Amino acid sequence: MIRSLFRKAANFTARRSYIGPPGKRLYAVGDIHGRLDLLNNLLRQIADDLRARPVAMGTATIVFLGDLIDRGPDSAGVIERISTLDDVPARALLLLGNHEEILLRVLDAEPGLAYDWLGFGGDACAESYGLSATAMKAMSEARIAETLRAAIPPAHVAFLRSGGDTISFGDYLLVHAGIRPGIAIEDQQSHDLRWIRQPFLSDTHDHGCFVIHGHTVTEGVDRRANRVGIDTGAYRTGILTAAIVEDDELAFIDTTFDAHRS
């Protein structure tokens with residue numbers, strides 16, 4: 001029954017087959033941007049799937065592709081939920097998105113970033129920790145950093161700092177934004193992995209792996225021969241998407257489905 005929830009993208013012709021590690025299942029979750037309500041919906045669906053299609057202990061992994069924070073109303077709640085995730089029988093791993101990167105740099109009082117961060121969604125993140133974004137915009141950058149450090153729990157900051165740049169899963173590579181075409185995976189730069197759009201999005205070459213990424217908002221899953229984008233603009237569309245990889249199957253679930261409807 002749970003497979004009826006999977007929606008395969010149309011108009012796709014694979015150049016070759018991509019396969020996950022034998023006996024393992026992956027759930028890759030796109031950009032959440034402060035939408036705790038959607039995250040809870042999707043986690044319920046993942047838990048339902050694991051109950052309906054059980055796997056051996058330790059063989060299921062949830063990878064959050066970054067941009068947990070900013071724009072939506074509850075960045076603090078999203079970080080708390082994911083960093084303490086214990087009600088879904090799967091290992092949880094985090095990739096660092098460009099929004100987490102900027103917040104961490106603001107916390108470190110790097111000059112020239114705080115006001116820009118507040119302007120592209122950080123105001124909502126600050127307010128989720130009980131701060132006034134309006135008041136912060138009148139502060140110095142050093143004072144903004146101090147105020148954020150006092151408001152954001154150290155455990156949340158440590159969790160964000162634990163995020164990586166890439167995760168391999170069989171023939172799949174998970175990143176936040178994408179990769180620089182023509183550059184070996186081990187030589188990729190963090191800036192590209194967290195920020196790139198072009199020339200990655202338009203590149204049609206075989207990367208030697210199939211890339212699962214977020215970062216660039218599209219209307220629905222953006223599935224191509226060498227990659228799939230699953231940032232479906234959750235903070236404004238209400239649609240949070242996850243890719244599911246198991247053996248030679250790539251499928252998708254999202255929050256347009258109410259997991260608890262009868």
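Mentor: Let us begin with Tyr-18, which is buried at a relative accessible area of 8%, where buried means under 20% relative accessible area, exposed over 50% and partly exposed in between, with a 1.4 Å probe and protein chains only. This is a predicted model, in which local features need pLDDT of at least 70 and side-chain atom pairs count only at pLDDT 80 or more, while totals for chains, interfaces and linings use all residues. Residues are numbered from 1 along each chain as its sequence is written, and side-chain values use heavy atoms, with hydrogens and water left out.

Phe-210 is also buried, with a relative accessible area of 2%, and Tyr-172 counts as buried at 4% relative accessibility. The structure holds 3 aromatic pairs; rings of Phe, Tyr and Trp (its six-membered ring) pair if their centres lie within 6.5 Å, and planes under 30 degrees apart count as stacked, over 60 as edge-to-face and the rest as tilted. Tyr-18 and Phe-210 form a tilted pair, 5.1 Å centre to centre with 55 degrees between the planes. That pair links distant parts of the chain, since Tyr-18 lies in the segment before strand E1 (25-29) and Phe-210 in strand E6 (residues 210-213), 192 residues apart; strands (E, at least two residues) are DSSP runs numbered from the N terminus.

Tyr-172 and Phe-210 form an edge-to-face pair, 5.6 Å centre to centre and with 75 degrees between the planes. Tyr-172 lies in strand E5 (residues 172-175) and Phe-210 in strand E6, so this pair ties together parts 38 residues apart in sequence. Taken together, Tyr-18, Tyr-172 and Phe-210 form one aromatic cluster.

Methods:
Helix = DSSP H or I, 4+ residues; strand = E, 2+ residues; numbered from the N terminus.
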